Amino acid sequence: MTSMPPTADPVVESAVTEAVNLGIPSALSDLGGLVRIPGIAWPSFDQTQLERSAARVAELAESTGVFDEVRVLRAAVPGTDEVGQPAVLATRAARGGKPTILLYAHHDVQPPGDDALWETPPFEPTVRDGRLYGRGAADDKAGIMSHIASLRAVHEVLGDDLELGVSLFIEGEEEYGSRSFGQFLSDNSDALRADAIVVADSGNWDSKTPGLTVSLRGNARFTLTVRTLEHASHSGMFGGAVPDAMMATVRLLSTLWDADGAVAVDGMTDRDAPTPDYDEATLRDETGLLAGTSPIGRGSILGRIWNKPAVTVIGIDATSVESASNTLLPEVSVVVSARVAPGQSGEDAYAALESHLRAHAPFGAELTFSDVDLGNGFLVDTSGWAVAMARQAMADGYGADPVDLGVGGSIPFIADLVREFPEAQILVTGVEDPHSRAHSPNESLHLDTFRHAVATEALMLARMNEVTA
């Protein structure tokens with residue numbers, strides 16, 4: 001691109017901002033409709049709900065008036081005879097030498113968990129205290145609606161003068177590991193190729209201050225099975241002489257962390273990078289850390305979250321409390337979820353973890369590793385024209401300068417985007433704030449943050465419409 005005006009026509013920008021504000025009630029109503037559809041990609045849930053969700057997203061894409069073609073598509077899951085979940089792909093060709101932008105979000109959501117932990121039903125959108133509550137209200141159906149609402153506003157103002165190329169890709173299995181994502185990119189590479197890609201699946205510094213995500217941790221997730229016995233035995237008859245699988249698992253897992261709770265696995269690396277000021281009181285407020293419980297790790301708090309590895313045991317298969325008996329367990333399985341510092345590959349981190357666990361297996365316990373899922377972290381090149389334009393649009397849309405963020409979570413498919421479209425600039429944005437509780441009970445969207453996010457994207461699209469090759 002040879003020109004990058006800092007703003008579009010002031011009259012156009014004023015009209016776009018007004019159109020955004022007028023369109024917010026409709027956008028929130030549509031968001032509520034999406035939240036009511038429990039589209040969960042796990043096979044144990046009703047998969048027809050994902051089909052309903054994709055169909056509704058396709059209708060919303062049509063409603064913008066922007067796209068030449070809107071399709072619901074699936075791609076094969078490599079290495080299996082399965083196909084992935086339904087995704088929506090809408091396209092509009094660029095005209096007049098304008099760039100093309102790809103807008104990404106996902107319509108599948110996390111399972112709700114225990115309904116009793118929700119103050120209101122998870123799939124019944126509820127507004128209270130300036131927030132919209134419901135599963136997917138923030139992650140990531142608000143991302144979908146930030147795209148839809150901004151496109152509606154820009155098209156309403158510009159009409160046929162909108163020459164920007166736009167592709168909308170709304171995935172249907174992000175929460176389930178994006179199993180067909182790479183194949184979908186390959187199958188639809190021409191339709192998805194863009195100069196800039198907006199991934200609306202991250203967060204902000206707080207509810208009033210926008211954030212541009214410039215680093216993400218990678219991930220290494222796997223199931224570990226620990227076996228010590230051929231069959232269960234009576235714990236009274238043989239306890240004290242025979243190591244059961246639970247004892248071995250507890251001893252083994254404890255070696256993953258040191259006394260401060262920092263990861264103690266040789267070969268898992270840190271990244272050395274500065275972080276903004278962020279104190280323990282803020283951490284406690286944003287996470288609900290109990291008053292008597294201390295944080296873990298060393299160094300700056302955000303450095304621990306953004307730039308160092310973390311290991312969490314997120315699932316366990318063993319006898320339940322209700323079914324407990326005096327038995328030595330022969331086998332225990334756990335799911336280990338590791339976050340990998342930016343700059344280290346998921347493959348290298350997993351190799352370090354497997355090596356560590358095998359070396360520390362107590363009493364000669366037999367270890368089996370399965371269901372390995374790996375993803376690489378991401379570091380943004382912040383020197384491009386699209387990044388500069390995004391930052392300015394955030395400052396104008398929120399009325400506050402944006403903060404460059406690292407994120408402790410992972411979006412592994414970004415590595416697929418970079419591999420498939422190496423020339424594209426990646427902009428990782430979002431509508432969440434630190435109190436959104438994505439993946440948790442009582443997930444919510446801050447309504448003012450949503451309005452500012454829509455204004456930001458609409459201004460950015462209007463300005464990109466002025467960019468020429």
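Which residues line the second largest cavity? Before I answer, note that this is a predicted model. The lining consists of Arg74, Ala75, Gln85, Ala87, Phe169, Glu171, Gly172, Glu173, Ser180, Phe181 and Phe184. Two elements give two or more residues each to that lining, namely strand E6, residues 165-171, and helix H4, residues 181-187. By class, the lining divides into 5 nonpolar, 3 polar and 3 charged residues. The volume of this second largest cavity is about 60 Å³.

Next, the whole inventory. Searching the entire structure gives 2 cavities of 30 Å³ or more. The largest cavity holds about 140 Å³ of space. It has 14 lining residues, and those closest to its centre are Met394, Thr429, Ala453, Thr456 and Glu457. Which elements give two or more residues to this lining? They are strand E7 (196-203), helix H11 (385-398), strand E17 (425-432) and helix H13 (447-464). H13 has the largest share, with 4 residues. In terms of class, the lining of the largest cavity has 8 nonpolar, 5 polar and 1 charged residues.

Strand E15 (378-379), helix H12 (413-420) and E17 each give two or more residues here. E17 was also on the list for the largest cavity.

On to the packing. The largest nonpolar core has 88 residues. Those with the most contacts inside it are Phe67, Ile101, Phe169, Ile197, Leu417, Met460 and Met464.

What is Ile101 in contact with, once neighbours within four places in sequence are left aside? The partners are Leu164, Gly165, Val166, Ser167, Ala194, Ala196, Val198, Met460, Leu461 and Met464. Met460 and Met464 are themselves among the residues with the most contacts inside the core. There is also a second, separate core of 27 residues, which includes Leu256, Val334, Val336 and Ala338.

Glu82 sits in the loop between strand E1 (69-73) and strand E2 (87-92). With a relative accessible area of 37%, Glu82 is partly exposed. Apart from neighbours within four places in sequence, the contacts of Glu82 are Ala76, Val77 and Arg179. Glu82 and Arg179 are 97 residues apart in sequence, yet 10.0 Å apart in space, C-alpha to C-alpha.

Last, the backbone. Most residues other than glycine have a negative phi, and most peptide bonds are trans. With that in mind, here are the exceptions I picked out. The peptide bond that joins Asp139 and Asp140 is cis, with omega about 5 degrees. Asp140 is in the loop between strand E5 (131-133) and helix H3 (141-158).

Arg437, which is not a glycine, has a positive phi, near 55 degrees. Asn442, also not a glycine, has a positive phi of about 65 degrees. Arg437 lies in the loop between E17 and strand E18 (444-446), and Asn442 is found in the loop between E17 and E18 as well. Are these two buried or exposed? Arg437 counts as exposed, because its relative accessibility is 51% and the cut-off is over 50%. Asn442 is buried, because its relative accessible area is 7%, under the 20% limit.

Note on methods
Residues numbered from 1 in each chain as written. Predicted model: local features only at pLDDT ≥ 70, side-chain atom pairs only at ≥ 80, totals over all residues. Heavy atoms only, no water. 1 Å grid on protein atoms, 1.4 Å probe; cavity = no way out; pocket = protein on both sides within 12 Å on 5 of 7 lines; lining within 4 Å. Points joined across faces, edges and corners; volume = space filled by probe spheres on them. Nonpolar A, V, L, I, M, F, W, Y, C, P; charged D, E, K, R; others polar. Core = buried A, V, L, I, M, F, W, Y, C linked by side-chain atoms within 4.5 Å. Buried < 20%, exposed > 50% of the residue type's maximum accessible area, 1.4 Å probe, protein only. Contact = heavy atoms within 4.5 Å.
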